[in-house]
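Keep the picture open while you read and look up each residue as it comes along.

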Amino acid sequence: EKENSNAVYFFPKLLNQQLPKLEDISKAKKIKKVSWLDTYYFEKLINGVSLFENDSDEKRINDAFLTTVDIESGFISSQVSQRVKVSRDFSKDAEPFYMDRLYFKGKSGLFFIADGDTKLLDIALDILQHEGIGTDRNVGNGYFEFSPDEIELDLPKSSVVASLSVFCPDNKEQLENMIDNEKVAYDFIKRGGWITTSPFNSYRKKTIQMFTPASVFKLEEEISNPTVIGKIVDLNPNLSFEDIDHPIWRSGRSIFIPVKLK
């Protein structure tokens, strides 16, 4: 059910977006800083329309966001705070670490996309908004309110695709086929973090490198609708001194959409 029709959604700028050559250095730096596109500009980009070839696009830049809607500058802010990791038996010295906490002004926030039957997901979100998510839900973080909505994108038909979230390929052969093209562009991000299941909260998961959102790949066949590719991996650290007898899942399944690139 659509409840949030006035919301403005931002998508990551594709990693291989071609920017115009600009002699004005200050203008070039301003354009290069853009990392997020609203639905209007994102649709143009994935359908092969070049951005920033006229001054009207540049005038719609608000910091790292390109949008047709007037938004409040700095609606996302962060605060770095120091925390301390203490061993259970005090056999090791306390180890400090830093946590970056994000704050959203007004009615701004995060969104995610789910494709398919969401009945079970709706039930889970209804519970999790009160239980909290993440490692620090026990100290007052991770609580949220949510409302469902529908996002419609005008998608082209193409064998070139872009990921909308982190991606872990099913196997080496699949990856080799997906990167065998000159239009491919990707980056990596390390995923891991602390275990959130008590009493193992002071232990870290295994880490894994995944492809970042907005990475661009090539499929063997053209598609015109979103498709899900990737696998879920178990990051159980398999500690020799502690038996964690359940898997610790990290999703590397991503929604891919077709994109038309010049």
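Leaving aside its neighbours within four places in sequence, V259 is in contact with L14, I46, P156, S158, V160, V161 and A162, where contact means heavy atoms within 4.5 Å. Before going on, note that this is a predicted model, in which local features need pLDDT of at least 70 and side-chain atom pairs count only at pLDDT 80 or more, while totals for chains, interfaces and linings use all residues. Residues are numbered from 1 along each chain as its sequence is written, and side-chain values use heavy atoms, with hydrogens and water left out.

**The cores**

V259 belongs to the largest nonpolar core, which has 21 residues. A nonpolar core here is a set of buried Ala, Val, Leu, Ile, Met, Phe, Trp, Tyr and Cys residues joined through side-chain atoms within 4.5 Å. Buried, in turn, means under 20% relative accessible area, exposed means over 50%, and partly exposed is in between (1.4 Å probe, protein chains only). The residues with the most contacts inside this core are L14, L37, L66 and V259. Helix α2 and strand β7 each supply at least two of the core's residues, and the largest share, four residues, comes from α2. Another core lies apart from this one and has nine residues, among them V161, F167, M178 and F217.

**Helix α2 and what covers it**

A quick word on names: helices (H or I, at least four residues) and strands (E, at least two) are DSSP runs, numbered from the N terminus. Helix α2 spans residues 39-46, and its buried residues are Y41, F42, L45 and I46. Why do they sit on the same side of α2? They cover an arc of only 130° around the axis, so they end up on the same side of the helix; the arc is that of the directions from the helix axis to the C-beta atoms. The cover over these buried residues includes β1 (10-12), β2 (36-38), α3, β4 and β14 (254-258). After α2 comes G48, which has a positive phi near 85°.

**The sheet beside it**

Now look at the strands. Four of them form an open sheet in the order β1-β2-β4-β3, with mixed pairing. Two strands pair if DSSP finds at least two bridges between them. The edge strands are β1 and β3, each of which pairs on one side only. Strands β2 and β4 pair in the parallel sense over two bridges, and L37 stands opposite L66 in β4. Helix α2 packs on this sheet, touching β1, β2 and β4, and its direction makes about 105° with that of β2. For that angle, axes are lines fitted to C-alpha atoms (for helices over the stretch in contact), and angles run from 0 to 180 degrees between N-to-C directions.

**Strand β14**

Is β14 mostly covered or mostly open? It is mostly covered: five of its five residues are buried. S254, F256 and P258 point one way from the strand, and I255 and I257 point the other way. Strand β7 (residues 158-163) pairs with β14 in the antiparallel sense over three bridges, and A162 stands opposite I257. Strand β11 (residues 227-229) also runs antiparallel to β14, joined by three bridges, with I229 and S254 as bridge partners.

**Salt bridges**

How many salt bridges does a search of the whole structure find? It finds four, a salt bridge being a side-chain nitrogen of Lys or Arg within 4 Å of a carboxyl oxygen of Asp or Glu. Here are some of them:

| Pair | N to O distance |
|---|---|
| K30 and E58 | 3.7 Å |
| R60 and D70 | 3.2 Å |
| E72 and K105 | 3.9 Å |

K30 lies in helix α1 (residues 25-32) and E58 in helix α3 (residues 55-59), so this pair ties together parts that are 28 residues apart in sequence. K30 counts as partly exposed at 34% relative accessibility, whereas E58 counts as buried at 15%.

The R60 and D70 pair links the loop between α3 and β3 (61-62) to the loop between β4 (65-66) and β5 (76-85), ten residues apart. R60 is partly exposed at 26% relative accessibility, and D70 is exposed at 69%.
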